[in-house]
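Hi everyone, thanks for making time this morning. I'd like to walk you through the pockets, the helix packing and a couple of backbone details of one model.

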Amino acid sequence: MTGMALSSFLGRGDIEALERPTGEAIGLPGRAYGAAFYALEQRSLFPRLWCAIGFASDIPEPGDAMPADLAGWPLALVRGRDGQVRAFHNICRHRAMRVLQEPCRRASALVCPWHAWTYDLDGRLVGTPRIGGERAGTDPAVDTAGLDLRPVRVGVWQDLVFVNIDGAAPPFEQHIAPLDDLVRDYDLSDLRLGGCWETEYPGNWKVAVEDAIEDYHIPWGHPQLNTGVVAVNARLHSAARCFYALSNAREFRSAAAAAPVAALDTGLPPVLRAGPGVEQRTFFMSLFPTGILQTRVEDIRLGLFAPVGPDRTRVVIRHYYKGDAATDTHLAAARESNQAEWKYLYEQDIPFVRNAQETYAIRDAAGIETRFAPFWEANVHAFQRDVAAVLGEAEAEAAAQSSSTA
């Protein structure tokens, strides 16, 4: 990885082509979806951003902790005694063992399994048993001051936990404010977890995101979504490096209504507010780079598109409903139907992701460039531009630092 930077993959002409208006732009080349480019992203993209990596509800009580991973960066999420979620590099300060191997509940401390170096819930090193001999927990030759777990900035939005590894991203509240504004018509109070599932995409994380944030493929890839629909009223929304969203205000043909209706009745209580000026608009978005948010009238879904290698993406989806609707046995069938529908939809995308990934190297060799349909794919274009921009900034900063120390 030494010496590899954005300019090793994209020349000035590639950047200029990507920066053109959407209808004229040329997409990222295939080499941006391979192992070497992924290694660059591990070093220079993910650490610079607020990245979704887990769910606060997985560590509900003080002392609860779990390992997490951000594109190969091992992390630990911990619920402190004060109820706050904290994040640390999951690397022991002794000899670099992962401290937390599996989730734990109501622990009083985190203990490395190799030599039992012990850290409290705030990450402070509080024990080094036998370091100085059979019964000696200290050694005058070893100064342990400052050998605490390395903290990582953390932010929580609803149930989704974000981290910023390099510590240089804007404050989380500032970063997430555009999302709060976008979903202002949703009542997100008293949301409760009502179901979860996982799957895996056989492709690079960018292919997965790019598939998820455009509706161009809906009529052919997910025809069931258009059943009974008389109008879609599609729009695109974005906030640079925060989200890329598509939305719809679908109108359905209803046998019980003289005119089209905005949503079909599922029996689940609404999350989307009703009233004058409130459009029944639902969203599907990437929370750049690794999070997913979907809204519908009666529920929201939070999730992860977690990179687990250059050609594998773990998909984790959680469903949230209003209050007791998350557990009410009378609504169990409605929840199960809702979750099965969305799991099926995600699995329909697996062959698209696999196919696009399989051609990434060949298309460069064949000189085949990718294009965008502006009405549907302006957000795919914006997403690719932002990936390149973040990496370009990292390269420029590294060059400036190198010249200042020369």
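Let's start with the largest pocket, which holds about 760 Å³ of space. Of the 40 residues lining that pocket, Leu225, Arg250, Arg296, Glu341 and Trp342 are the closest to its centre. Before I go on, a caution: this is a predicted model, where local features need pLDDT of at least 70 and side-chain atom pairs count only at pLDDT 80 or more, while totals for chains, interfaces and linings use all residues. Residues are numbered from 1 along each chain as its sequence is written, and side-chain values use heavy atoms, with hydrogens and water left out.

Points are joined across faces, edges and corners, and the volume is the space filled by probe spheres set on them.

Which element gives the largest share of the lining of the largest pocket? That is H6, with seven residues. Helix H4 (205-212), strands E13 (243-248), E15 (282-287) and E16 (291-296), and helix H6 (332-348) each supply at least two residues. Helices (H or I, at least four residues) and strands (E, at least two) are DSSP runs, numbered from the N terminus. By class, the lining of the largest pocket has 18 nonpolar, 13 polar and nine charged residues; nonpolar covers Ala, Val, Leu, Ile, Met, Phe, Trp, Tyr, Cys and Pro, charged covers Asp, Glu, Lys and Arg, and the others, Gly among them, are polar.

The second largest pocket holds about 440 Å³. Its lining has 17 residues, with Val207, Glu210, Asp211, Glu214 and Ala356 nearest the centre. Two or more lining residues come from each of H4, helix H7 (350-358) and helix H9 (374-405).

Now to the helices. The axes of H4 and H9 come within 9 Å and cross at roughly 150 degrees; axes are lines fitted to C-alpha atoms over the stretch in contact, and angles run from 0 to 180 degrees between N-to-C directions. H4 and H9 are therefore roughly antiparallel, with angles over 145 degrees called that, under 35 roughly parallel, 65 to 115 roughly perpendicular and the rest oblique. On the H4 side, the contact is made by Trp205, Lys206, Val209 and Glu210, and on the H9 side by Val380, Phe383, Gln384 and Val387; contact means heavy atoms within 4.5 Å.

H9 also packs with helix H2 (residues 35-44), the axes coming within 10 Å and crossing at roughly 65 degrees. This pair is therefore roughly perpendicular. From H2, Phe37, Leu40, Glu41 and Ser44 meet Val387, Val390, Leu391 and Ala394 of H9.

What about H6 and H7? Their axes are 4 Å apart, at an angle of about 20 degrees, and that makes H6 roughly parallel to H7. Here Tyr346, Glu347 and Gln348 of H6 meet Ile350, Pro351 and Phe352 of H7.

Finally, the backbone. A cis peptide bond joins phenylalanine 288 and proline 289, with omega about 0 degrees, and proline 289 sits in the loop between E15 and E16. Arginine 106 is not a glycine, yet has a positive phi of about 50 degrees.

How values were computed. On a 1 Å grid over the protein atoms alone, a cavity is a set of points where a 1.4 Å probe fits but cannot get out, and a pocket is an open set with protein on both sides within 12 Å along at least five of seven lines; lining residues have an atom within 4 Å of a point.
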